[in-house]
Amino acid sequence: MPSFQAKFIHAILQLQPYGWAKGTIHEQRLRQERSARLFRIPKGINLQQINLQGIPAEWIACPNAKNGVILYLHGGAYALGSINVHREWLSRLALVTRLKVLAINYRLAPENPFPAALEDAVTAYRWLLAQGFAASDLVVAGDSAGGGLALSTLVSLRDAGDALPACLVCISPWVDLTLAGDSIHANAAVDPILNADILESYAKLYTGSSQTDNPLISPLFADLNGLPPVLIHAGTNEILLDDANRLFAAAQRAGVDVHLETWEGLFHVFQLVAFIPETKRSLDHISKFIMRNLTSR
C-alpha cells in the first residue's frame with residue numbers, strides 16, 4: 001500500500017494530468033526552470049559548475065564525500081530537464097550515498113536529435129576516466145529518458161571497448177521508444193504524468209530520421225551481455241512499468257546481475273518528491289546497491 005503522502009501527491013497530480021506537457025517545448029522548459037525555484041538545496045552541499053569539453057556540467061558534493069562518482073543523466077523525454085531542475089534531488093542522492101555526483105546538461109531534442117545526447121553522455125564518462133577516476137569507482141545513473149540514456153551509454157562504451165563502471169541505476173527508465181509495453185495502455189487511467197500520445201510525440205523529436213527500435217535509442221533491444229550490475233526502480237502506477245519489467249527480463253537472459261524493485265501505487269520518478277516515505281526507502285536501497293558494488297569492484 002502506498003503511503004498517505006504518496007496518495008496525496010498522486011491525487012494532486014490527477015487534478016491536472018500531464019500539466020507539464022502543455023504548450024510549446026520552449027514553454028515547457030521555462031515552466032520547469034521556474035518550478036525548480038521552489039526547491040531548497042540541503043545545507044552543506046557544495047555546487048561547482050564546470051565546462052566539460054563544451055558540455056555544461058556541475059559537481060554536486062556533500063562534505064567528506066567518499067571516493068567515487070555518480071554520473072547522472074536527467075530525465076525529461078530527451079527534450080526537457082536540466083541540472084537546475086534535478087539539482088535538489090541530486091543533492092539528496094549525494095548526501096545519502098556520500099559520493100560526488102556529476103550532472104550534465106546533454107544536448108536536447110528537437111534542436112539536437114539522436115545521437116547528440118548519447119555522444120555527450122559518452123564524452124562525460126570518458127572525461128571522468130581521463131581525470132584519473134578508475135572505472136571501478138564510477139556509477140552511471142538516470143531517471144526516465146535519462147535511465148534509458150544511461151543504459152545506451154553503457155552499451156556504447158562496451159562496444160567501443162571502454163572499461164565499464166561498477167554499476168548502473170535506472171529509475172523509471174524509458175528504454176522502449178516503440179512504446180510496445182502493455183502498461184502503456186493498461187496503466188493509462190492511473191498515470192497522471194505520462195500518456196501514449198506524449199511519449200510518441202517526444203520519441204519522434206528525439207529519433208529524428210532514425211528508427212525507434214535502434215538499440216542505442218531503445219536499449220531494451222540491445223545486446224546486454226557483459227554489462228555491470230543493474231538496479232531498476234519503478235512505480236506500479238506508471239505507463240512505463242513494462243519498460244522496467246522487460247528490461248529486467250532481458251538483462252536476466254543476458255546473464256546480467258540485475259535487480260528490480262517495483263513500488264506499489266507509486267508514480268513516475270516519485271523520488272523527485274522528497275517528503276514521501278517511499279522516496280527515503282528508495283534512496284536507501286539505491287545507496288546500499290551502489291556501495292555494495294563499489295566495494296566489490
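Residues are numbered from 1 along each chain as its sequence is written, and side-chain values use heavy atoms, without hydrogens and water. In this predicted model, local features need pLDDT of at least 70, side-chain atom pairs count only at pLDDT 80 or more, and totals for chains, interfaces and linings use all residues.

**View 1. The tilted pair of W20 and Y202.** Rings of Phe, Tyr and Trp (its six-membered ring) pair if their centres lie within 6.5 Å; planes under 30 degrees apart count as stacked, over 60 as edge-to-face and the rest as tilted. By this rule there are eight aromatic pairs. In one of them, W20 and Y202 lie 5.7 Å centre to centre, with 40° between the planes. W20 belongs to the loop between helix 1 (4-15) and helix 2 (25-35), and Y202 to helix 7 (residues 196-207), 182 residues apart. Helices (H or I, at least four residues) and strands (E, at least two) are DSSP runs, numbered from the N terminus. W20 is partly exposed at 22% relative accessibility, whereas Y202 is buried at 4%. Buried means under 20% relative accessible area, exposed over 50%, and partly exposed in between (1.4 Å probe, protein chains only).

**View 2. The edge-to-face pair of Y72 and W89.** The ring centres are 6.4 Å apart and the planes stand at 70°. The pair joins strand 3 (residues 69-73), which holds Y72, to helix 3 (residues 83-97), which holds W89. Y72 is buried at 1% relative accessibility, and W89 is buried at 2%.

**View 3. An aromatic cluster.** Y78, F114, W174 and Y206 together form one cluster.
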